Amino acid sequence: LVFSAATLVCLHALTLRVSRNERSAWIAAMSATALPATWVGSVIMTIDPVLVFFWTLAAYGFWRATQENAFRFWVLTGLAVGLGMLAKYTAALILVVFLLYLIVYDRKWFFRKEPWLALGLTLLCLSGVIYWNWAHDWVSFRHTAQIGASEEYTLWTPIRNLLEFTGGQIGVVSPLVMALFAWVGILCLLRAIDDHRAGYLVLLAGVPLVFYLVVSVARRPEANWPITGYIGACVALGWVWAFRERSCWARRFLVAAWVLGCLMGCAVRSTDLLYMMGSPPPPGASPEKLYLGMWTINPDVDPTNRLRGGRELGQALSRYVEEQTPVPFLFSDRYQVTAWMAFYTAGRPRTYCLPFNRRQNQYDIWGGWSELSGRDGLFVTGGDGEKARRWVDMMLRAGLFEKGEVLETVEV
């Protein structure tokens with residue numbers, strides 16, 4: 001919540017500096033507020049709100065540094081980029097934005113010390129990360145490179161990925177706001193040759209979007225990947241809108257876009273209501289699905305399902321942990337479930353994540369499997385009892401345990 005609010009403040013300040021128009025700044029801030037992604041990011045703590053804040057702060061610092069020749073803003077830029085990369089390595093894309101802007105519009109800065117000192121501050125922020133990765137075979141960079149990797153690549157894969165990327169972006173910003181972004185993007189592109197402000201906004205929005213569009217050809221995309229690009233898009237919308245007085249219909253369309261975006265944001269944050277409204281499954285139907293009148297919804301396609309179940313799981317596991325001596329160790333095939341068990345189970349026990357059919361994570365570095373010989377274990381996975389039985393059978397065949405059984409299903 002704090003980072004989302006701070007981002008809106010920085011966005012307002014950036015737009016005000018670019019456009020020199022208070023109305024533009026408020027339109028940019030309102031457009032950002034209307035993005036469903038903003039509604040999600042304001043209540044769910046992921047790395048994206050932190051990334052977007054430092055991206056916006058860096059964009060603000062760079063603009064003021066280049067336009068006002070103020071050393072303190074070069075310092076701000078270097079620190080913001082460095083801290084943004086500590087949140088998420090892909091914050092480095094803003095360095096591409098800055099580099100292209102200087103090449104096209106302001107090459108004199110290559111021969112001055114301030115940008116290089118800012119880059120030095122960024123590297124100083126990352127020095128601990130760089131050293132640690134050097135000492136550990138660059139494991140976090142290899143982990144990042146594996147995100148979205150597909151085991152099978154066919155002729156259909158890039159088409160599927162690009163369709164998912166496009167649909168995901170429409171969901172992140174809402175259809176009407178996306179239409180406005182496309183409109184201002186075209187106008188800024190047409191002005192970019194003669195107007196450095198338009199060029200800066202095109203780069204600020206276009207570099208993340210184009211980069212992840214290309215990545216999506218080979219990797220299955222996540223909707224949040226190019227989220228930083230919409231900072232530049234919001235600033236561009238506020239700037240372009242103030243070029244002249246807009247018609248009544250244009251103003252209504254803008255308001256409708258804001259309202260639709262806010263409604264979509266509310267819906268994403270209130271999916272619990274759907275489950276409360278669900279009806280019992282018909283005879284013979286799967287109890288794992290949600291039934292709403294004529295519609296049948298598979299909860300696995302609901303990304304907000306990842307936010308549910310931690311407390312209920314912890315309560316169920318606590319009973320086994322408190323009743324058995326010696327205490328069984330807890331492990332899962334999913335690193336999110338592994339983290340839930342560590343946080344919500346009584347006593348905050350150490351937990352383990354099976355290193356099968358997934359990319360590397362922090363549990364592989366922490367290890368500890370060699371210390372578990374001869375102990376009982378409680379395994380947790382997502383899905384139904386049949387899936388759990390398959391896991392039990394597989395571990396018994398592999399000789400990991402002498403015997404095993406499915407204990408219970410935790411309903412959420």
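**Close-up views of a predicted model**

The protein folds into 18 helices and five strands, where helices (H or I, at least four residues) and strands (E, at least two) are DSSP runs numbered from the N terminus. This is a predicted model, in which local features need pLDDT of at least 70 and side-chain atom pairs count only at pLDDT 80 or more, while totals for chains, interfaces and linings use all residues. Residues are numbered from 1 along each chain as its sequence is written, and side-chain values use heavy atoms, with hydrogens and water left out.

View 1. Of the 412 residues, 41% count as buried (under 20% relative accessible area; exposed is over 50%, and partly exposed is in between, using a 1.4 Å probe and protein chains only).

**View 2. Here α2 meets α12.** The axes of α2 (residues 22-33) and α12 (residues 229-241) come within 7 Å and cross at roughly 140°. Those axes are lines fitted to C-alpha atoms over the stretch in contact, with angles running from 0 to 180 degrees between N-to-C directions. The pair is therefore oblique (angles under 35 degrees count as roughly parallel, over 145 as roughly antiparallel, 65 to 115 as roughly perpendicular and the rest as oblique). On the α2 side, look for Arg23, Ser24, Ile27, Ala28, Ser31 and Ala32; α12 brings Cys234, Val235, Leu237, Gly238, Trp239 and Trp241 to the contact (heavy atoms within 4.5 Å).

**View 3. Now for the largest nonpolar core, with 69 residues.** A nonpolar core is a set of buried Ala, Val, Leu, Ile, Met, Phe, Trp, Tyr and Cys residues joined through side-chain atoms within 4.5 Å. Ile94, Val97, Phe181 and Tyr200 touch the most other members. Helix α4 (residues 47-68) gives this core its largest share, 13 residues. Leaving aside residues up to four places away in sequence, Val97 touches Trp55, Tyr200, Leu203, Leu204 and Val207. Another core, of ten residues, lies apart from the largest one and includes Leu313, Trp340, Met341 and Leu378.

View 4. Most residues other than glycine have a negative phi. Arg20 is exposed, with a relative accessible area of 61%.
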